[in-house]
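Work through the exercises below with the sequence and the model open. Each task is followed by its solution in steps.

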Amino acid sequence: MNDWLAVHVVDFFNRINLIYGTISEYCNETTCPTMSGGSRYEYLWADGEMYKKPTALPAQKYIELLMDWTEAQINNEAVFPVSTDVPFPKTFGTLCRKILTRLFRVFVHVYIHHFDRIVSIGAEAHVNACYKHFFYFVQEFDLIPSKELEPLQEMTSRICKDKN
């Protein structure tokens with residue numbers, strides 16, 4: 001199970017990073033002064049090192065820190081072993097849940113604040129397909145609390161018709 005989870009976390013990280021890259025020039029301190037998913041959801045950054053307390057940040061800074069933090073986790077061979085004779089740490093599942101929850105927030109931000117740009121470059125079908133794969137995966141393995149999924153609940157019910 002851990003191997004399966006690791007492969008998917010890395011794949012989702014790469015895909016979501018690419019999706020965000022397509023709109024990143026439109027996401028700055030002026031256009032997105034907070035990391036949010038509409039007016040009801042604001043996400044605070046904490047990494048336990050530089051940001052010990054949850055801190056409000058512009059979306060661009062939050063996502064930059066998130067991608068750097070996730071990449072550091074993925075590249076840490078003690079956390080994401082590259083050899084089959086090295087065991088996964090006991091906290092691996094918890095860490096993957098945290099990574100996937102945070103990556104979901106990028107979907108929330110992109111869909112709510114930048115979807116017009118996704119449509120204008122003709123990437124809507126690709127982003128929706130990636131989101132559906134992500135959603136079905138986290139649902140199947142119960143990796144993200146349902147409360148975290150609320151910001152995209154309406155859209156999810158439209159594009160993931162068989163989500164139950």
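This is a predicted model: local features need pLDDT of at least 70, side-chain atom pairs count only at pLDDT 80 or more; totals for chains, interfaces and linings use all residues.

Residues are numbered from 1 along each chain as its sequence is written, and side-chain values use heavy atoms, with hydrogens and water left out.

**Exercise 1.** Describe how helices H1 and H2 pack.

Step 1. Helix H1 covers residues 2-23 and helix H2 residues 59-75; their axes are 11 Å apart, at an angle of about 155°.
Step 2. Angles over 145 degrees count as roughly antiparallel, so H1 and H2 are roughly antiparallel to each other.
Step 3. On the H1 side the contact (heavy atoms within 4.5 Å) includes Val-10, Phe-13 and Tyr-20, and on the H2 side Ile-63, Met-67 and Ile-74 are among the residues.
Step 4. The residues of the contact of H1 with H2 comprise 7 nonpolar, 3 polar and 1 charged.

**Exercise 2.** Which residues touch the most other members of the largest nonpolar core?

Step 1. A nonpolar core is a set of buried (under 20% relative accessible area) Ala, Val, Leu, Ile, Met, Phe, Trp, Tyr and Cys residues joined through side-chain atoms within 4.5 Å.
Step 2. The core has 56 residues, and Phe-80, Leu-100, Phe-107, Tyr-131 and Phe-134 touch the most other members.
Step 3. Helix H3 gives the largest share of this core, 14 residues.

**Exercise 3.** Is Ala-125 buried or exposed?

Step 1. Ala-125 lies in helix H4.
Step 2. Its relative accessible area is 61%; exposed means over 50%, so Ala-125 is exposed.

Conventions. Axes are lines fitted to C-alpha atoms, for helices over the stretch in contact, and angles run from 0 to 180 degrees between N-to-C directions. Helices (H or I, at least four residues) and strands (E, at least two) are DSSP runs, numbered from the N terminus. Angles under 35 degrees count as roughly parallel, over 145 as roughly antiparallel, 65 to 115 as roughly perpendicular and the rest as oblique. Ala, Val, Leu, Ile, Met, Phe, Trp, Tyr, Cys and Pro count as nonpolar, Asp, Glu, Lys and Arg as charged, and the others, Gly among them, as polar. Buried means under 20% relative accessible area, exposed over 50%, partly exposed in between (1.4 Å probe, protein chains only).
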